[in-house]
Amino acid sequence: MKKRETWGKEFRKQLPLQIFVLSGIVYLLIFNFIPMFGIIMGFKDYDIVMGVEGIFTSEWVGLKYFREFVNDYNFANLVKNTVGISLLKLIFTFPIPIIFAVMLNEMKCLRFKKLVQTCSYLPHFISWVIISGISFQFLSSGGIINTLLMSLGLIGQPIGFLTDPDLYWGFAVLSDVWKEMGWWTIVFLAAIVGVSQDLYEAAQIDGAGRLQRIWHITLPCIKPTIVVVLILALGNLFGGGLSGSNFEQSYLMGNSMNKETSQIIQTYVFEVGLAQGRYAYATAVGLIQSAISLVLIFSSNFFSKKVSGMGLF
Amino acid sequence: MKARTKKLTALLLTGCIASTGLLSGCQSNNESQKTASDVSGTSAASGDGKKESSDNGTETTELDIFIDMNWWPVDTFTGIIPEEIEKKTGVKLNLTIAADDNQLGLMIASKELPDLVFTTKDLDRLSSSEFCYSYNELIEQYAPDFEPEELLVNIAKSFSTDDNYYTLLNCLSTNEEWEQAPAGAPGQACIYYRKDIYEAMGSPKLETTEDLMDVCAKVQEEYPDMVPLGLGGFWKLQPISAWLGASGGNTYQMQEDGSVVHYTSAPEYKEYLQYANEMAQKGYITAEAYANENENDSHQQAYSGSCFLYTWYLSPSSLQTLNTESQKINPDAQWAVLQPLGQANYNTTKGWAGTFISKSCKNPEKAIQFVQYMFSEEGRHLSKWGREGIEYTLDEQGLPVFSDEWKETKKDPDAMNEKYNQYFYLGVTGVDELLGDYMDMAEEDLADCTAYKDGYVNYPEIAIATPVSSSDEGVIEAKLKEMLKAEEAKVIFSSDEEEFEKNYANLQENAKKIGVDQLNEYMTEKVKEVKAEYGL
């Protein structure tokens with residue numbers, strides 16, 4: 001009885017903070033947990049004309065749609081593109097903000113540092129719709145880049161930046177790095193700012209050079225932040241890692257010419273589920289991707305604990 | 001005290017944010033839950049639609065309409081024709097134009113449909129009591145004197161999910177009606193060419209597809225900054241496909257033995273792809289133009305003088321637009337219609353687009369009465385020809401003769417859209433549209449356009465037999481379409497013959513995997529059934 005009173009008292013004391021937490025829980029419940037009932041559609045012969053009750057009353061078809069997807073002529077290509085683009089983004093977009101943050105931290109001129117920081121994170125606020133429009137202006141056959149290269153005599157024919165399937169992956173990764181690098185740099189910069197200056201002073205007295213200080217102090221001190229960000233990035237690997245940009249990029253910059261390398265599971269789900277109205281099939285395909293992502297986040301957390309002794313949960 | 005105020009503010013803010021988020025997320029669409037019987041009490045007098053007083057003193061009901069065509073040239077219900085329609089029906093439309101091909105699918109999935117939907121796609125999904133009111137029920141309740149043509153009703157029932165019909169398709173005319181039409185040709189893909197440049201090159205022979213290749217070579221040589229053939233978004237290489245005996249943009253093809261096959265299974269398909277590949281290898285078409293699906297973006301290459309030939313929809317207004325827009329940049333630019341260079345095109349149409357009255361419609365009574373008017377002779381003629389006695393009069397053969405003011409305005413498509421606005425032809429027949437487009441066209445251009453009518457034939461039975469999207473065959477058809485978007489481009493833009501053969505074999509293998517044989521078998525049988533049932 002006494003314990004309950006204490007709990008209640010404690011809760012009232014923390015009420016303003018608890019409300020923030022509760023809001024988040026309610027949000028998750030309504031928008032993330034309750035819709036999970038819809039997963040059942042992936043196992044049923046559901047058609048949208050059956051209405052909401054059709055989700056429960058339609059015929060059970062088991063793994064029919066899962067088998068259909070795995071046997072689809074495009075399955076291997078979709079998985080290859082999804083995994084390929086995602087891994088490339090992880091390899092390039094994850095370490096670059098760390099390196100950039102360290103470099104910025106080492107800058108002496110505060111004004112220039114702020115200018116670089118501002119310029120680098122501004123693209124984060126531009127939507128992918130705008131970026132796809134800008135890309136067209138810059139990279140189309142009559143765009144600025146091709147015109148410049150041709151006028152300099154470096155190329156004879158325009159390069160199909162937007163149509164050549166061999167260039168799509170590189171384009172996706174580069175544009176993602178350009179757009180999101182500055183934003184994630186702020187997170188790592190914040191972690192670096194939190195590192196005690198005493199450590200640097202002590203290292204300096206011991207004769208440590210700049211690179212040694214970075215290697216032995218800065219990076220180890222921001223390791224917890226790096227690990228958390230890495231686990232989050234791995235959890236959203238198929239979504240595009242840190243920026244979660246895979247769908248937008250593929251949908252807006254993909255076309256019939258580069259579809260071979262630009263189509264990913266998410267755009268496939270969108271096209272099949274919404275454009276063709278096959279909600280049950282799209283649910284099954286989406287579920288396969290979610291299951292793989294779940295495995296990834298658990299395994300990355302497990303390995304992170306093993307290697308660094310730190311994990312998200 | 002200060003801390004307490006802070007706490008209170010934080011509490012209030014959190015509460016506001018949470019409730020706003022929840023309320024916006026949980027917003028229910030109560031309107032969409034209405035059934036036909038629920039609305040029996042809803043009338044113009046008691047409806048929820050916004051009302052305002054129109055010029056003639058009667059009340060006007062505003063209805064929201066989604067136009068599922070991203071190329072639609074007008075975005076307001078203004079101009080002499082819409083205003084007259086408003087006077088006659090008491091309905092004013094608020095337009096939303098589709099941003100892309102997937103928007104309607106998204107709206108159906110979220111059940112966020114406006115009052116009316118005008119579309120050529122998703123006909124079977126919308127023909128369901130889950131989303132729309134059936135015409136037959138609404139007619140019984142609100143427009144008992146509306147008697148749509150039996151063929152239109154049967155066609156609408158052919159893709160309905162139940163025994164009701166939920167729309168009527170416009171722009172349908174029989175082969176006999178097309179044949180009797182005095183001028184012009186049914187809607188189809190064609191090629192426009194720069195007449196001024198053609199003449200400057202000495203008017204080289206241009207009567208066959210081989211000649212076309214030679215002329216492209218000449219253009220490339222004499223005008224290196226120009227792409228010989230520009231592609232108009234969706235229309236891509238459709239006219240060339242038709243001239244070479246392939247599908248010309250149709251999904252199915254009637255074979256000599258009476259079977260009906262998906263166009264990839266027709267023997268002419270490979271010949272067309274080889275021709276297209278030759279054009280691509282020689283640089284007569286560009287990958288970028290092929291990849292562009294947006295018609296309005298594609299037009300820029302023609303307007304700016306970047307291409308010599310341009311594929312687009314055959315119509316006087318397209319020709320007029322090309323000339324007007326191009327001459328803004330180059331006053332000497334002169335476009336003309338290139339007469340067919342091979343076989344005549346065919347069509348598999350059961351009509352074009354239908355107007356659906358969604359379950360969230362504010363005023364179904366007004367909506368069905370509006371549709372009734374648009375399908376009446378008066379409504380059909382008004383929407384495409386303007387006001388009788390002012391914009392047109394009928395001659396002794398019943399054909400429209402247009403006023404000088406109309407003809408003058410038509411020379412500038414933008415002025416035409418602004419002043420008259422012919423784009424609310426929701427209920428016209430194919431021939432109504434044709435007469436509205438061609439009766440005032442210059443003789444020389446008219447002859448070029450009319451050449452597309454020779455040998456033209458429509459197979460409505462193929463259109464009616466097309467599988468509904470939820471059936472196994474419907475899924476195969478959709479998957480083939482999706483697969484071909486990428487694979488066809490790969491074949492056409494193969495760098496050499498070896499790669500072409502490899503990519504073509506891959507395309508055919510994928511089509512087989514998806515189930516093209518099953519689809520061909522189904523279509524052949526179904527078309528026979530439809531022909532017997534409809535007496536076609």
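I began with B:R380 and B:D432, which form a salt bridge whose closest N and O atoms are 2.6 Å apart. For the notebook: a salt bridge is a side-chain nitrogen of Lys or Arg within 4 Å of a carboxyl oxygen of Asp or Glu. B:R380 sits in helix 16 (residues 377-385) of chain B and B:D432 in helix 19 (residues 430-438) of chain B, so the pair ties together parts 52 residues apart in sequence. Helices (H or I, at least four residues) and strands (E, at least two) are DSSP runs, numbered from the N terminus. I found both B:R380 and B:D432 buried; buried means under 20% relative accessible area, exposed over 50%, and partly exposed in between (1.4 Å probe, protein chains only).

A note on what I am looking at: this is a predicted model, where local features need pLDDT of at least 70 and side-chain atom pairs count only at pLDDT 80 or more, while totals for chains, interfaces and linings use all residues. Residues are numbered from 1 along each chain as its sequence is written, chains are lettered from A and ligands numbered from 1 in the order in which they are written, and side-chain values use heavy atoms, with hydrogens and water left out.

Next I looked up B:K362 and B:D64, whose side chains meet in a salt bridge (3.2 Å, N to O). This pair links distant parts of the chain, 298 residues apart: B:K362 is in the loop between strand 12 (354-357) and helix 15 (364-375) of chain B, and B:D64 is in strand 2 (residues 59-67) of chain B. B:K362 is buried, at 18% relative accessible area, whereas B:D64 is partly exposed, at 29%.

I then checked a local pair, B:K528 and B:E525, with a salt bridge of 3.7 Å, N to O. Both lie in helix 24 (residues 516-534) of chain B, three residues apart, about one turn of the helix.

How many salt bridges are there between chain A and chain B? I count four. One of them joins A:D72 to B:K479, with the closest N and O atoms 3.4 Å apart. A:D72 and B:K479 also belong to a network of salt bridges with A:E68 and A:R278.

Last, the contact itself: 36 residues of chain A are in contact (heavy atoms within 4.5 Å) with 39 residues of chain B. Over all chains, my salt-bridge tally comes to 33.
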